[in-house]
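User: I would like to read this model feature by feature. Please give the criterion first and then the case.

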Amino acid sequence: GEAGGRPTEEQAEQVAPREIKLFGFQEGPLGFVEWGIREPINYLFLRVVGGRGGAKSTGGALRMLAYMNKFPGSRGCVVAPINDILRDATFVAIQEVFGWAGLRQGTDWEYNKTEREFKLFNGSRAFFRTAEDPENLPGTDLAWAWLDEWRNMVFRVFEKLQPALRQPGYPKQLWATSTGGGKRHWARKVWLPNAYAEEFDEPVFQRPLGVYRSYVAPTRENPFGGENTYRMMVGTYGENSHLARQELWGEEIIMENLVFPDWSPHTHIVPEEKWPTRYPPFVIAGVDFGFRVPSAILVEGVDELGHHYIMDEFYRARMDEQALVRVAKRLYEQYNIRRFFCDSADPRWVMALRQARLPADYARKRIGTTADPTSRLGLCTTALATQLGDYRKLIVSPKARNFVREVENYVYAESSLTRDPTEQPLKKNDHLMNTWGYGEMGIAFLYDRPKVRGRQITVSIGG
């Protein structure tokens with residue numbers, strides 16, 4: 001301050017508490033910042049998947065402030081992938097948030113750079129560490145931990161910190177903030193074990209007991225500069241690209257070896273009330289049979305403008321013939337299906353459909369490549385990539401959730417020798433992808449092929 005010891009108006013303004021406005025994933029009694037703190041919850045694990053500029057680290061710092069202030073004497077650990085991120089991003093967010101609360105460095109809190117220890121006025125402490133060597137993370141009893149940018153951390157970081165949450169008398173909590181690390185990242189296996197197991201045909205991960213919740217923080221939902229960040233970066237990434245979906249929308253997707261990289265839920269998924277043709281006049285269905293693995297039926301329509309509509313789906317394991325016939329008959333009557341194009345691997349299933357007087361044929365099964373416009377993969381690729389007026393050629397109903405899951409996880413198999421992708425998709429969790437291919441081949445055969453008008457025969461008379 002000045003000679004009298006009183007701070008100047010400028011200094012007072014710098015340390016005066018400001019109103020902290022929470023938004024989006026941060027706010028509300030079940031929001032990321034305060035849930036489980038006002039009314040303590042033990043063994044609470046929260047995760048944010050966000051876009052760049054979505055205020056993920058700010059949210060993590062706000063929760064750190066709320067916890068340390070609520071529970072004096074608590075101990076926690078803040079972890080970032082490397083020291084540069086810890087210093088230049090995570091710590092900056094903490095300084096800013098504690099400043100918003102009117103807490104001054106050197107008076108209300110202090111940070112020891114040598115010991116990498118943060119101390120609050122009420123005795124709460126936080127150790128600052130990197131994820132470079134998980135075995136060197138604090139072994140002392142902790143009440144909480146925060147993983148900032150978890151997508152660049154190995155699973156061992158979580159494994160090391162979770163059992164360290166044992167400080168007596170405090171609610172044990174861990175929160176994690178980051179841009180998405182892809183569908184195969186260990187964080188999805190921990191926070192979304194059932195979805196992860198289904199997508200990758202693995203046993204459900206037996207995670208530590210507790211309460212788990214994930215939040216999404218798209219860039220544009222940050223009212224404090226998110227829209228500007230989005231507009232600045234979308235031109236670089238491409239508005240509906242996979243990179244934009246991950247880095248701006250906070251989606252967790254597979255980025256490499258995708259069979260259908262043109263898929264975009266933002267453009268292909270359209271509510272039925274907004275379809276250019278509400279009831280496509282030409283409807284077929286693809287059928288893939290199974291018992292231990294799911295049987296699948298995909299209903300696809302075509303309108304006079306050439307749009308293809310994924311209208312409905314059926315997807316269930318352990319279906320006997322008659323049960324599947326009943327499902328097929330219901331869909332046949334509901335959508336006026338003209339033809340079922342069926343997997344030919346077991347003819348008994350096709351015969352069961354025919355005995356029920358359903359128009360069932362064997363599907364054309366040539367897989368081909370995405371570059372071959374007459375093959376299954378080529379026809380599907382064309383439907384995805386083509387733009388017809390204001391809509392994409394392929395329009396998908398929101399009810400086709402399993403179709404969306406499969407198309408986003410449909411990847412090429414890797415060569416065991418080179419680890420490079422082959423030209424053939426991985427034969428795993430592809431049941432609706434098969435039915436879609438059968439349907440596209442059927443549409444091309446029945447609907448798209450040129451009308452046959454009879455051959456002209458030229459006869460030469462005379463010698």
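User: Which residue lies over the face of tyrosine 230, and at what distance from the ring centre?

Analyst: A charge sits over a ring if NZ of Lys or CZ of Arg is within 6 Å of the ring centre and within 35 degrees of the ring normal. Here arginine 220 covers the face of tyrosine 230, 4.1 Å from the ring centre. Another case is arginine 207, whose charged end sits over the ring of tyrosine 212 at 3.9 Å from its centre. This is a predicted model, so local features need pLDDT of at least 70 and side-chain atom pairs count only at pLDDT 80 or more, while totals for chains, interfaces and linings use all residues. Residues are numbered from 1 along each chain as its sequence is written, and side-chain values use heavy atoms, with hydrogens and water left out.

User: How many aromatic pairs are there?

Analyst: Rings of Phe, Tyr and Trp (its six-membered ring) pair if their centres lie within 6.5 Å; planes under 30 degrees apart count as stacked, over 60 as edge-to-face and the rest as tilted. The count is 34 aromatic pairs. One of them joins phenylalanine 282 and tyrosine 447, a tilted pair with 4.9 Å between centres and 40 degrees between planes.

User: Where in the chain do phenylalanine 282 and tyrosine 447 lie?

Analyst: Helices (H or I, at least four residues) and strands (E, at least two) are DSSP runs, numbered from the N terminus. Phenylalanine 282 is in strand β9 (residues 282–288) and tyrosine 447 is in helix α14 (residues 431–448), so the pair links parts of the chain 165 residues apart.

User: Are the residues of such pairs buried or exposed?

Analyst: Buried means under 20% relative accessible area, exposed over 50%, and partly exposed in between (1.4 Å probe, protein chains only). Phenylalanine 282 is buried because its relative accessibility is 6%, whereas tyrosine 447 is partly exposed at 27%. A further tilted pair consists of tyrosine 332 and phenylalanine 340, with 6.4 Å centre to centre and 35 degrees between the planes. Tyrosine 332 is partly exposed at 28%, and phenylalanine 340 is buried at 0%.

User: Which residues form one aromatic cluster?

Analyst: Phe45, Phe155, Phe158, Trp186, Trp191, Phe205 and Tyr212 form it. Tyr212 is also the ring under the charged end of arginine 207.

User: How many disulfides are there, and how far is cysteine 342 from the closest cysteine sulfur?

Analyst: A disulfide is a covalent bond between the sulfur atoms of two cysteines; here the test is a pair of cysteine sulfur atoms within 2.5 Å. The count is zero. The sulfur of cysteine 342 is 16 Å from its closest counterpart, that of cysteine 380, which is too far for a bond. Cysteine 342 is buried at 0% relative accessibility, and cysteine 380 is buried at 2%.

User: What does the largest nonpolar core contain?

Analyst: A nonpolar core is a set of buried Ala, Val, Leu, Ile, Met, Phe, Trp, Tyr and Cys residues joined through side-chain atoms within 4.5 Å. The largest has 37 residues, and Met64, Phe98, Phe118, Phe128 and Trp144 make the most contacts inside it. Elements giving two or more residues include α2 (56–70), β2 (75–80) and β5 (125–130). The most come from α3, with seven residues. A second, separate core of 29 residues includes Trp275, Tyr335, Leu358 and Ile395.

User: In what order do the eight strands of the open sheet run?

Analyst: Strands of a sheet pair through backbone hydrogen bonds, either parallel or antiparallel; pairing requires that DSSP finds at least two bridges between two strands. The order is β3-β4-β5-β2-β6-β7-β1-β8, with mixed pairing. The pairing of β3 and β4 is antiparallel, over four bridges, and glutamate 110 stands opposite lysine 119 in β4.

User: What is the phi of tyrosine 43?

Analyst: Most residues other than glycine have a negative phi. Tyrosine 43 has a positive phi, near 55 degrees; the residue lies in the loop between α1 (9–15) and β1 and is partly exposed at 32%. Asparagine 429 also has a positive phi, near 50 degrees. Asparagine 429 lies in the loop between β18 (421–425) and α14, and is buried at 16%.
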